[in-house]
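Hi there,

Here is the structure I promised to pass on to you. Have a look at it first, and then read on for what turned up.

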Amino acid sequence: MIRNRDVLISARVPSIETMDAQLLSGRSGDELPPSHRDKEPVGIAVAVAALLGLAGVACLALLLVGTIAWGTFMMLTTRLPVYSVTVDGFSGIDDRAPRAFNLTLAIDNLGGMSKACVGSEAVVLYGGVPLAAGGVEELCVPRQGAGELAFVAASGGVGVPRALAELMAGEKRADGAVRVEVRVISEKHRRLLSCTAALDKGAAARPYPCKKSVLVDESDGIRPDDGSGTPGFLM
């Protein structure tokens, strides 16, 4: 019986040679196998890469949000210059007086980011027919500023032809006022302003907005073909 127990005990307890071999190999029987140790650095590298990827995505998202916010801010706080014309008085339309228009050109550049300039000459037209013309001094308004300039457009003609007077009278009966076009031509700045204003002596003067376009042809349909540079009038 004792021999059997000795055999059983020796089967359960490692031999001295086996324990020495384990000590010499630098690990105990409780350490992880080599395959588990090799996987640990790989797992850490994957986690670090994932964190770096998330950080990059977050930075891009912040950059996008900042760009959108800045663009929205600029849209709300900046705008193009606003041009307008006010008819302060006129004559020669509904009476037998020389045709003349007292006008005021204004520039609102309060939301602008650069200087706005206009000026050279102006023409008043009805139905595309020139009624009067005049020179306009150069008006320059700095960024975030405003300014205005008074000028006169006149003609040597008196009154308007009967056919044109009848058209104006019909428009006044239908709409309450006659509307003319005021063109401001700026050859130096390659700019053309077109402003539609009402002629109504019984109403208070008010500014009328102008449409701005690039000046392509210096004549713009207001100078005669003879090249004299003087707009052609009715009379």
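The side chain of Ser186 comes to 2.7 Å from the backbone nitrogen of Gly119. Please keep in mind that this is a predicted model. Ser186 belongs to strand β8, which covers residues 178-186. With a relative accessible area of 0%, Ser186 counts as buried, because the cut-off for that is under 20%. Leaving aside residues up to four places away in sequence, Ser186 is in contact with Val118, Gly119, Ser120, Arg191 and Leu215.

You will find Leu52 in helix α3, which spans residues 34-77. Its relative accessibility is 60%, so Leu52 is exposed, the cut-off being over 50%. Together with Ile44 and Val48, Leu52 makes up a nonpolar patch on the surface, and the three have about 310 Å² of accessible area together.

Now for the chain as a whole. There are four helices and 10 strands, and along the sequence they come in the order α-α-α-β-β-β-β-β-β-β-α-β-β-β. The chain has 235 residues, of which 31% are buried. Its accessible surface is about 15,100 Å², with 62% of that belonging to carbon and sulfur atoms. As for contacts between residues at least 6 apart in sequence, 61% of them link residues at least 24 apart.

Enjoy exploring it!

Best wishes

Key. Residues numbered from 1 in each chain as written. Predicted model: local features only at pLDDT ≥ 70, side-chain atom pairs only at ≥ 80, totals over all residues. Heavy atoms only, no water. Helix = DSSP H or I, 4+ residues; strand = E, 2+ residues; numbered from the N terminus. Buried < 20%, exposed > 50% of the residue type's maximum accessible area, 1.4 Å probe, protein only. Contact = heavy atoms within 4.5 Å. Areas by Shrake-Rupley, 256 points an atom, 1.4 Å probe, with all protein chains shown as cover. Patch = residues over 30% accessible without salt bridge, like charges linked within 9 Å, V, L, I, M, F, W, Y side chains within 5 Å. Salt bridge = Lys/Arg side-chain N within 4 Å of Asp/Glu carboxyl O. Polar contact = N/O pair within 3.5 Å; in protein donor to acceptor, adjacent residues only side chain to side chain.
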